[in-house]
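Subject: Structure handover

Hello,

Here is the structure I promised to pass on. Please open it first, then read the notes below it.

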Amino acid sequence: LFVELQKAGEWTDDLSLLRLEFLAVPRPPARVNTSSFRDSITALLRARDRDRAAAIAAQYVQKHPWDSNALFWAARTMQRVGYLEGAVACSERMRIRMPEFQRNLRFLRKLHLATGNNRRAEEIAMDLDSLRRATHPRQT
């Protein structure tokens, strides 16, 4: 079983999916609305309140670690405001969850190039090339 699971891809402990919190008074779980999150981030970026946009993005993915769409948006937001380390962290988490999401892989490669991590950028480029060959095999 272990060998078969290894064939599926890279193994990791994604502790970002785990959130422990002590509340003195129980409260109902917050309703997740990714579209309002995106709208808030977009409005803040248009208003050029970039630091606040990045802070809200980081807080949102911390409170809703299972929301992969928000994780990708947070990575894009952090990249736009110049917080490249945070963008790389979010995008790498996204890669672990969805290793075949090519849009994220292309974005992550650019982030690694921007931060000077050329070795990692090359690894991701090879992953992208493998995915392209798998989805578009050459006809002989």
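This is a predicted model: local features need pLDDT of at least 70, side-chain atom pairs count only at pLDDT 80 or more; totals for chains, interfaces and linings use all residues.

In which helix does Arg109 lie? Arg109 lies in helix α6. More on that residue follows below.

The mean pLDDT of the protein is 82. Of its residues, 77% reach 70 or more. Helix α1, residues 2-7, has the lowest mean pLDDT among them, at 67. Helix α6 has the highest, at 95.

The fold is quick to describe. The secondary structure comes to 7 helices and 0 strands. Along the sequence, the pattern reads α-α-α-α-α-α-α. The protein has 140 residues, and buried ones make up 31% of them.

**The positive patch**

Which helices each supply at least two residues of the positive patch? They are α4 (68-80) and α6 (102-114). The largest share, 4 residues, comes from α6.

- Arg109 sits in helix α6. Its relative accessible area is 31%, so it counts as partly exposed, the class between 20% and 50%. Arg109 is 11 residues from Arg120 in sequence. In space, the two are 7.6 Å apart, C-alpha to C-alpha.
- Arg80 is in helix α4. With 52% relative accessibility, Arg80 is classed as exposed, because the cut-off for that is over 50%. Arg80 and Ala53 are 27 residues apart in sequence. Their C-alpha atoms are 9.8 Å apart in space.
- Arg48 is found in the loop between α2 (34-46) and α3 (50-63). At 64% relative accessibility, Arg48 is exposed.

Arg48 has another feature to look at. Most residues other than glycine have a negative phi. Arg48 is not a glycine, yet its phi is positive, about 60°.

**The salt bridges**

Next, the charged pairs. Side chains of opposite charge can pair when their charged atoms come close. How many salt bridges does the structure hold? There are 5.

Start at Glu92. This residue forms a salt bridge with Arg95. The closest N and O atoms of that pair are 2.8 Å apart. Both residues lie in helix α5, which covers residues 84-97. They are 3 residues apart, about one turn of the helix.

Are Glu92 and Arg95 buried or exposed? Glu92 is buried, with a relative accessible area of 15%. Arg95 is buried too, at 9%.

Arg120 counts as buried, at 14% relative accessibility.

Arg120 then leads on to Glu123. These two form a salt bridge as well, with closest N and O atoms 2.9 Å apart. Both lie in helix α7. They are 3 residues apart, about one turn of the helix. Glu123 is partly exposed, with a relative accessible area of 26%.

**Where to look**

1. Helix α6, for its mean pLDDT of 95 and its 4 residues of the positive patch.
2. Arg48, for its positive phi in the loop between α2 and α3.
3. Arg120, for its salt bridge with Glu123.

Keep helix α1 in mind as you go: its mean pLDDT is 67.

Best wishes

Terms used
Residues are numbered from 1 along each chain as its sequence is written. Side-chain values use heavy atoms; hydrogens and water are left out. Buried means under 20% relative accessible area, exposed over 50%, partly exposed in between (1.4 Å probe, protein chains only). pLDDT is the predictor's confidence in each residue, from 0 to 100. A salt bridge is a side-chain nitrogen of Lys or Arg within 4 Å of a carboxyl oxygen of Asp or Glu.
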